[in-house]
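Hello,

Here is the structure I promised to pass on to you. Have a look at it first, and then read on for what I found in it.

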Amino acid sequence: MIPTSHLTAPSRRTFVSSLCAGFGGAVLADLLAPTNAGAAPLRPIGPDLAPKAKHVISLFMTGGPSQLDMFDPKPALVKYAGQRPDSVDLRTERKTGGLLPSQFEFKKYGRGGVDISELLPKLAECADDLCVVKSVYSFIANHEPGRNLYFTGSIVSFRPSMGSWVTYGLGTENQNLPAFVALSPGGGNLFSNSGFLPTKYQGTVINTSDSDPDKMIRYLRNKGMNDLEQREQLDMLQKMNKSHEASFGQDAFLDGRIQSMEQAYRMQFTASDVFDIKKEPEHVRLEYGDSPYGTGCLLARRLIEKGVRYVQVHYGPGQPWDDHKTLNKNLRERCPEMDKATAALIKDLKQRGLLDDTVVVWGGEFGRTPVSEAGDGRDHNPYGFTMFMAGGGFKGGMAYGETDEFGFKAVKNPVSIHDVHATVLNQLGLNHEKLTYRYAGRDFRLTDVYGNVVKDLIA
Amino acid sequence: MLKSALALTFTAACLSAQSPGTDLFENKIRPVLVQSCYPCHSSKLKAPMGGLALDTKAGLLTGGNSGASFTSGNPDQSLLVRALRYNDVPKMPPSGKLPDQVIKDFEQWVSAGAPDPRTEQPTPGASAGGPRVIDFAQGRKWWAFQPVKATPAPAAKDKLFAQKWQRNKIDAFILSKLEAKKLKPSAEADPRTLVSRVYVDLVGYKPTFQEVQAYVNDSSPKRYKQLLERLLASPQYGERWARYWLDVARYAEDGLAGAQYNYAWRYRDWVIDAFNKDVPYNRFLQLQLAADQLPGATRHDLAALGYLGLGPVEHKELKLSKDVVEGLYLDEWDERLDSVSRGMLGLTVACARCHDHKFDPISKTDYYALAGVFASTQSAVRPLSAEDPNVEKQFIWARQRFTDLNGAISNLSENKDIDQKSAAEKIRLCKEELAILKPKLEAMEKEHPELADLVHNTLVPKKNGGGEGKRFVLNEKEAKAPYVNAVYDAGLWLDASHPDYTLVDLKPGEPRDLALYFRGTGGTGTGKTVPRTFLTVLSKTPGKPFSHGSGRLDLAEAIIGDAAPLTARVIVNRVWGESFGAYLVGTPSDFGDRGDKPTNPALLDDLAARFIANGWSIKWLQREILLSSTYRQASKPRPDALEKDEANTLLWRMNPRRLDIEAFRDTMLRSAGKLDPDFEGPSMDLDAPENNRRTLYARISRAKLNDLLRIYDFPTPMQHSPARVDTLTPLQQLFVMNSPFIEQLAAKLAESVESETGAAKVRDLYQRVLSRNPTPGELDSALTYIDRAPVSRFTQTLLATNEEMFWP
């Protein structure tokens with residue numbers, strides 16, 4: 001717990017401690033901390049457990065993907081097609097009809113016999129790396145609060161996002177890049193907000209609809225000067241800054257901004273480089289596919305490789321997986337590129353030795369109902385749905401938990417969103433009950449007052 | 001409820017329990033309690049959850065905050081069994097439902113009279129479980145709740161120095177603390193620094209070269225005082241100080257989920273005017289809570305209700321169950337309550353939503369007694385013209401009802417999957433009501449055309465306000481239409497008479513008392529309601545119900561009356577903090593047990609007492625602060641003092657600060673001669689190339705907070721902000737290095753000195769940007785630089801200097 005909300009002790013410590021905030025200065029601040037003995041600098045507070053992983057890539061299927069057509073086969077749906085037994089009379093957002101069987105064929109893959117449908121042939125090849133949890137449940141059948149819960153552990157709108165909590169806990173490994181990045185080809189709430197955590201922990205939103213790095217990060221490059229001219233200008237500036245500080249006296253803000261200017265200067269090149277997927281060989285780009293989501297996955301790997309702590313890839317724009325109608329057609333159109341890019345990411349991370357210390361999390365704000373909506377659609381289902389994890393010490397080649405015979409409700413080994421959060425934090429070496437921040441009179445956690453580490457999922 | 005009778009029935013049954021029951025307990029019950037319950041419900045814990053300790057017989061018997069654990073012999077009536085069954089709240093254990101067999105064991109055990117052979121006593125000194133009872137008498141002794149009184153100034157040890165240094169009473173309190181640490185205050189800042197400090201403090205930007213020179217060359221002994229008076233009297237003073245309050249009020253122009261507050265700017269302007277007119281702070285608060293009910297308030301003052309009427313709105317999908325929708329309303333009421341209690345009282349009352357406050361003397365009952373005020377207060381667009389209050393109330397209600405009924409009809413008729421018969425019946429009922437409502441509404445609109453805000457009607461998104469923060473751009477006439485986003489009194493209930501659609505049921509003029517909700521969760525508030533009252537610990541007449549409408553006026557009167565000492569301490573601390581860059585109480589919105597203690601309690605009390613005595617005048621307080629020698633100290637570091645008090649808690653110097661984004665952007669615009677002095681009025685997109693107005697007038701959106709504000713530590717308007725936290729990030733520097741905004745200013749500066757040459761050019765630029773002349777060294781190096789590079793590159797460098805952003 002770091003009492004940044006206690007504001008009597010003023011600027012010096014705040015400034016020194018937050019040198020390259022936003023772009024996650026925790027590590028640098030930590031290095032500087034010894035000169036500040038006694039003060040409580042903003043430094044990484046963890047890890048306090050032995051970490052298995054260092055990075056997270058969160059792949060978010062905005063809208064709520066259908067587990068019943070991808071990971072959770074239910075033969076009973078065929079038997080009772082069109083019927084509506086009492087057990088499926090659960091309230092969801094909209095009125096639903098009878099049971100709707102999946103049109104897609106399932107097979108078991110890998111050493112653990114993980115069920116995967118024909119929609120995801122490439123992910124099926126990665127089955128031995130997947131830890132598929134079929135019994136995830138949430139609390140609310142509505143998109144916005146559901147997404148709030150998924151990302152922040154609370155259904156209200158202003159709590160810090162998980163990426164902010166993680167960077168608050170661990171800082172970053174690359175001061176020239178943001179510690180926490182949200183990639184999306186469109187707007188909407190991308191859960192980059194640090195809520196009551198200091199703004200240095202806020203995520204940087206990158207719009208991947210344009211592949212030009214200059215357009216992805218605001219003010220990234222100067223249009224009127226070449227690098228040499230800008231360096232000369234910066235030298236002039238720093239000369240003035242240094243002589244100003246010499247006349248005033250040592251000051252944390254003055255020092256900090258001199259350093260921050262240098263970081264910004266370097267970031268122009270680092271970021272321009274890392275965000276430019278054209279630097280990637282063509283065969284690699286082909287693996288990921290030429291889709292905004294594929295670009296997101298590829299960028300995620302490039303960022304992780306450079307030490308970025310937490311990357312969210314939002315499948316967007318809008319909420320494409322919200323298949324209230326024409327589900328089969330939609331899934332046939334949408335799954336191939338998702339399958340291709342996700343599998344490419346997992347294989348690529350593995351091949352580069354990055355999968356061991358990167359947790360890949362795949363999921364949506366909820367799943368979909370086994371009962372139909374509008375004929376061939378499915379409604380929101382928070383009662384039981386599927387997420388999968390890969391890498392970062394999660395057990396591969398396994399499926400965990402079960403839903404009821406129709407795939408509506410988690411019945412065996414139910415795992416809440418808070419449990420997922422607790423377990424991912426655990427892999428990063430963070431105890432979810434100790435990762436707290438004092439705000440408005442109480443110690444807040446990502447997992448609020450809930451959450452258990454699901455030991456069965458981790459090696 | 002079942003609570004009172006329980007202990008008795010249990011005791012009687014317990015006596016009859018014999019050894020078979022004991023076996024049942026030992027074999028089936030105790031192991032489950034140990035494994036699944038003790039982690040949170042044990043007397044060995046500092047604070048067992050819910051006040052419930054299950055590790056001793058006594059604890060099990062007493063139960064917790066929610067009442068007794070069970071009714072002996074009756075599993076269906078037993079909280080413990082119901083919790084395990086997971087079909088209502090609480091659901092226990094929270095990690096997941098226990099196997100059905102275990103639940104059956106518990107049912108059997110309770111049916112058998114719940115035999116419990118345990119003899120262990122609670123660990124000495126630990127909580128014995130049972131509901132924690134707040135000791136309000138003890139609570140009233142908390143320092144922040146004590147009456148404030150002017151204190152005699154402490155005498156200095158070094159009388160001679162004190163006589164020379166002290167200008168007013170503040171200095172005596174500061175000097176006394178410094179002397180105790182053997183520290184001396186710093187010398188007075190040089191006139192250049194001082195004039196710059198005061199400009200930023202009072203009007204929010206740095207002075208020009210001419211303004212600095214005018215002050216430096218003024219030989220009058222009264223020049224400092226005259227400077228303060230001139231700036232305090234200028235309209236720009238309100239523009240600066242309004243922004244501090246807008247952080248407290250989490251001001252924004254949309255509600256997030258589809259709600260667009262078209263007239264939000266009128267609240268912002270009302271705050272500017274209030275600071276400029278030095279409206280007494282107690283009145284300032286009253287107006288923001290109850291301008292529509294306060295004697296002597298003008299119609300224009302209705303804008304003040306924006307404090308309540310401009311809050312964030314959660315998206316409510318009305319197709320969902322009543323319980324879910326109610327949960328979202330509870331969140332909203334909680335947000336309003338939090339903004340008022342932390343913002344005005346410096347208390348974290350919202351902590352008591354789920355359970356009694358763990359540290360402060362605020363009960364869960366206190367919470368719901370206050371939350372009822374917000375359940376009885378609704379956002380509404382209200383006309384600035386005077387109206388018959390009854391007609392207005394009816395009109396606001398009728399128009400909302402009209403929208404709600406139409407929403408229900410379109411939603412139910414579009415939903416083909418639901419039972420068509422019951423939907424048709426509900427639609428028929430809605431249409432029947434509409435048939436009566438519509439002509440009434442039209443008649444009212446015709447008779448009182450000024451009631452109907454046409455913009456509002458055309459721009460409100462259809463269908464339950466769905467969609468993600470839609471943005472609308474109004475034309476000038478629409479934006480300036482004579483309306484305000486305010487509130488009015490109407491209790492809110494939810495009508496779940498149709499299973500597939502939850503209809504909002506507002507009752508104008510009828511307040512709603514709330515029951516206590518379990519863990520603050522929707523659907524659980526089924527018990528007895530509590531009357532709307534003020535916080536027990538602060539009230540002089542605890543439990544006395546509010547009697548005016550929603551209770552907003554009573555609440556306002558209590559905040560500035562019964563709670564006046566606390567309220568005054570909180571605002572004095574806020575003003576002090578903004579003036580010095582550090583607070584006397586380091587947690588400006590938490591004066592409770594978890595907050596910081598004041599660094600100089602006597603000073604805080606004395607100032608608060610005199611603040612009240614001086615008519616709650618903010619300008620009086622600022623004169624007092626700015627005239628002190630403490631404020632006028634230099635801010636340079638002194639190694640001797642740094643060693644003793646590195647954080648400058650005792651104020652041996654002024655805290656050197658950096659400009660916030662508003663002052664930074666405004667100062668740069670002014671340096672380039674581009675600042676648009678347009679005063680007040682509708683907001684503008686901050687990124688619009690033609691926007692050269694003060695940053696205060698930027699449109700503030702919750703759905704999409706402007707990037708520039710975000711990267712420069714602007715607080716999120718989703719919630720009350722106690723104070724800004726400064727960060728230094730490379731993204732901020734990229735803005736200075738590469739943004740078109742800076743490039744344009746740099747170009748404009750270069751252009752304005754185009755006709756000059758050599759040293760004159762450089763001197764002019766230094767004067768325009770840094771309000772001083774260059775040193776000979778600086779002149780040389782600048783001349784060398786502009787010999788090789790375009791002048792605009794040099795002007796950008798000047799704007800980018802630390803000196804430009806520094807506020808020593």
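**Helix pairs**

In chain B, helix α8 (residues 169–180) packs against helix α25 (residues 601–613) at an angle of about 170 degrees, and their axes are 9 Å apart. Angles over 145 degrees count as roughly antiparallel, and α8(B) and α25(B) are therefore roughly antiparallel to each other. Before going further, please keep in mind that this is a predicted model. From α8(B) come B:K169, B:I170 and B:F173, which meet B:A602, B:L603 and B:D606 of α25(B). Sorted by class, this contact of α8(B) with α25(B) has four nonpolar residues, two charged ones and no polar ones.

The axes of helix α11 (residues 292–305) of chain A and helix α12 (residues 327–351) of chain A cross at roughly 10 degrees and come within 9 Å. That makes α11(A) roughly parallel to α12(A). The residues of α11(A) that take part are A:Y293, A:G294, A:C297, A:A300 and A:R301. Among those they meet in α12(A) are A:M338, A:A341, A:L345 and A:L349, along with the charged-class names you will spot there, including A:E337, A:K340 and A:D348. In all, the contact of α11(A) with α12(A) divides into eight nonpolar, two polar and four charged residues.

**Cores**

Which residues touch the most other members of the largest nonpolar core? They are A:C131, A:A300, A:V311, A:V360 and B:V572, in a core of 322 residues. The largest share of this core, ten residues, comes from α12(A), the helix that A:A300 meets from its place in α11(A). On the chain B side, B:V572 is in contact with B:L604, B:L607, B:A608, B:F611 and B:L621, leaving aside its neighbours within four places in sequence. There is also a second, separate core of 14 residues, which includes B:I29, B:A68, B:L79 and B:V110.

**Helix α16 of chain B**

This helix is worth a look of its own. At 1.5 Å a residue, the 24 residues of α16(B) (residues 322–345) should span 34 Å, and its end C-alpha atoms are 33 Å apart, which agrees. Of those 24 residues, 20 are buried, so α16(B) is largely enclosed by the rest of the structure. Just after the helix, B:G346 takes a positive phi of about 60 degrees.

B:V325 has its place in α16 of chain B. Is B:V325 buried or exposed? A residue is buried if 20 or more other C-beta atoms lie within 10 Å of its own, and B:V325 has 23 of them, so B:V325 is buried. Not counting residues up to four places away in sequence, B:V325 touches B:K316, B:L318, B:L320, B:L494 and B:T502.

Chain A has 13 helices and 17 strands. Of its 459 residues, 61% count as buried. Among contacts in chain A between residues at least 6 apart in sequence, 75% join residues at least 24 apart.

Where the chains touch, the contact takes 70 residues from chain A and 75 residues from chain B. On the chain A side, α1 (11–17), α8 (227–248) and α9 (252–274) each supply at least two residues. By class, that side of chain A has 28 nonpolar, 28 polar and 14 charged residues.

**Backbone details to check**

Most residues other than glycine have a negative phi, and most peptide bonds are trans. Here are some places in chain A to compare with that.

- The peptide bond from A:G316 to A:P317 is cis, with omega near 0 degrees. A:P317 is found in the loop between β7 (310–314) and α12 of chain A.
- A:Y219 is not a glycine, but has a positive phi of about 60 degrees. A:Y219 lies in the loop between α7 (213–216) and α8 of chain A and is buried, with 23 other C-beta atoms within 10 Å.
- A:D448, also a residue other than glycine, has a positive phi near 50 degrees. The place of A:D448 is in the segment after β17 (442–445) of chain A, and with 15 C-beta neighbours inside 10 Å, A:D448 counts as partly exposed.

How values were computed. Residues are numbered from 1 along each chain as its sequence is written. Chains are lettered from A and ligands numbered from 1 in the order in which they are written. This is a predicted model: local features need pLDDT of at least 70, side-chain atom pairs count only at pLDDT 80 or more; totals for chains, interfaces and linings use all residues. Two residues are in contact if their C-beta atoms, placed from the backbone, lie within 7 Å. Helices (H or I, at least four residues) and strands (E, at least two) are DSSP runs, numbered from the N terminus. Axes are lines fitted to C-alpha atoms, for helices over the stretch in contact, and angles run from 0 to 180 degrees between N-to-C directions. Angles under 35 degrees count as roughly parallel, over 145 as roughly antiparallel, 65 to 115 as roughly perpendicular and the rest as oblique. The expected span of a helix is 1.5 Å times one less than its number of residues. A residue is buried if 20 or more other C-beta atoms lie within 10 Å of its own, exposed if 12 or fewer, and partly exposed in between; C-beta atoms are placed from the backbone. A nonpolar core is a set of buried Ala, Val, Leu, Ile, Met, Phe, Trp, Tyr and Cys residues joined through C-beta atoms within 7 Å.
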